[in-house]
Amino acid sequence: MMKYKFGTALILSSSLLLSQSSFYVNAEEKSNEQTENTSKSISFEQAQKMKPKELTNLLTDEDLKLHNKVAEHQSTELETNRNTNEAYQNVNGYIDQNNIKPSAITQDTRMNSLPKYDYKSDKFIGVVIHETANPNSTIDEEINYMYNNYESAFVHAYAGSSKIVQTASSDYLAWGAGAKANPYFYQIELAQSSTFDQFAKSVNNQAYLTAKMLDQNGLKPSLADHNGGTGTVISHNAISQYYGGTDHTDPINYFSQWGYDMDQFYSLVQKHYNQLNEASDTITGDTHTVASGDTLYNISQRSGVSVDNIKELNDLSSNDLTVGQVLKLK
Ligand SMILES: [Zn+2]
């Protein structure tokens, strides 16, 4: 485990060396060659049905040169002083039990100063999950660093334990995950936390923004990591695996330090996505029949009855529900 972490840290620290080409020179080249490179874009609908290989094959040499940027992870060594997975309780369960709500989404006005390049697919077809790999930096410091170095890399948003900040317009691509994925994805960085409570709040914020952006773009959540890279929620690690153009493995190691993984993150995204789509679906009766996608938290939100009360009324010892189960709410 230690050996593996150390190896990854070395990869992370050496990964920015590839992309020092000047943005201005490339931008000029782009406009000069625009007439020669026609019909390069594909429709949003088509792109959603394509595999990573097919998507990356559509990219021209110009695209690959221009967008060859990977969000910097400054850390040279991952923290090793945290306890192992076993020390932590279930993150998603903790979020439910403590009724942790997402923070408000804010926008940094500096986003208007960033480069504006269209997605290859008109709109983004999924969300890349990153983490900053920097235990000594706050979310604000990370964001300031990003704006000061945007010619090297920038992402669309940052999630921390107490805030969600959109740092680049969702209308344009970002430079966070290499030339092969940047033209297709919205990208969110997770700022590191030093306590379990903060970690839970921060991933809850990252998952909420992921769900919100998918919903906003008319995309349904699906996990790409175990599906050959096809899907709307994808780790930077899976981008490296299936798209190429980058070798980062975040957020896998950082998640695992808190006993967390992409599958659990994905189910948190699904929870938020379902809530966004059922927000108006208020429950008013004395009972509720559990439907697909329902969670105790979500039923609590819609009915105004606390999770603890629902559990007590129905003698539930866990948060597990089955479709068709009838819950008493009074
Ligand atoms: Zn990353």
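Author: P135 sits in the loop that links strand 2 to helix 7 (139-148). Helices (H or I, at least four residues) and strands (E, at least two) are DSSP runs, numbered from the N terminus. The model is a predicted one: local features need pLDDT of at least 70, side-chain atom pairs count only at pLDDT 80 or more, and totals for chains, interfaces and linings use all residues. Residues are numbered from 1 along each chain as its sequence is written.

P135 is partly exposed, because 17 other C-beta atoms lie within 10 Å. On this scale a residue is buried with 20 or more other C-beta atoms within 10 Å of its own, exposed with 12 or fewer, and partly exposed in between, with C-beta atoms placed from the backbone. P135 and S194 are separated by 59 residues in sequence, yet their C-alpha atoms are 7.6 Å apart.

G126 has F185 as its bridge partner in strand 5. Strand 3 (residues 157-159) is also parallel to strand 5, through 3 bridges, and there A159 is partnered with L190.

How many of the residues of strand 5 are buried? The count is 6 of the 6 (residues 185-190), so strand 5 is largely enclosed by the rest of the structure. In a regular strand the side chains alternate between the two faces of the sheet. In strand 5 both faces are covered, with F185, Q187 and E189 buried on one side and Y186, I188 and L190 on the other.

Next comes the nonpolar core, meaning a set of buried Ala, Val, Leu, Ile, Met, Phe, Trp, Tyr and Cys residues joined through C-beta atoms within 7 Å. The largest has 68 residues, and V127, F154, V203 and F265 touch the most other members. Helix 8 (residues 196-216) contributes the most to this core, 9 residues. Another core, of 6 residues, lies apart from it and includes Y297, I299, I310 and L327.

Helix 8 also packs against helix 11 (residues 262-278). Their axes are 8 Å apart at an angle of about 55°, which makes helix 8 oblique to helix 11. Axes are lines fitted to C-alpha atoms, for helices over the stretch in contact, and angles run from 0 to 180 degrees between N-to-C directions. Angles under 35 degrees count as roughly parallel, over 145 as roughly antiparallel, 65 to 115 as roughly perpendicular and the rest as oblique. The crossing is right-handed, that is, the near helix is turned clockwise from the far one by less than a right angle. Contact here means C-beta atoms, placed from the backbone, within 7 Å. Residues that meet include V203, A207 and L214 in helix 8 and F265, L268 and L276 in helix 11.

Helix 11 has a further neighbour, helix 12 (residues 296-303): their axes come within 10 Å and cross at roughly 20°. Helix 11 is therefore roughly parallel to helix 12. K271, N274, Q275 and E278 of helix 11 make the contact with N298, Q301 and R302 of helix 12.

Key:
Pairing = 2+ DSSP bridges. Contact = placed C-beta atoms within 7 Å.
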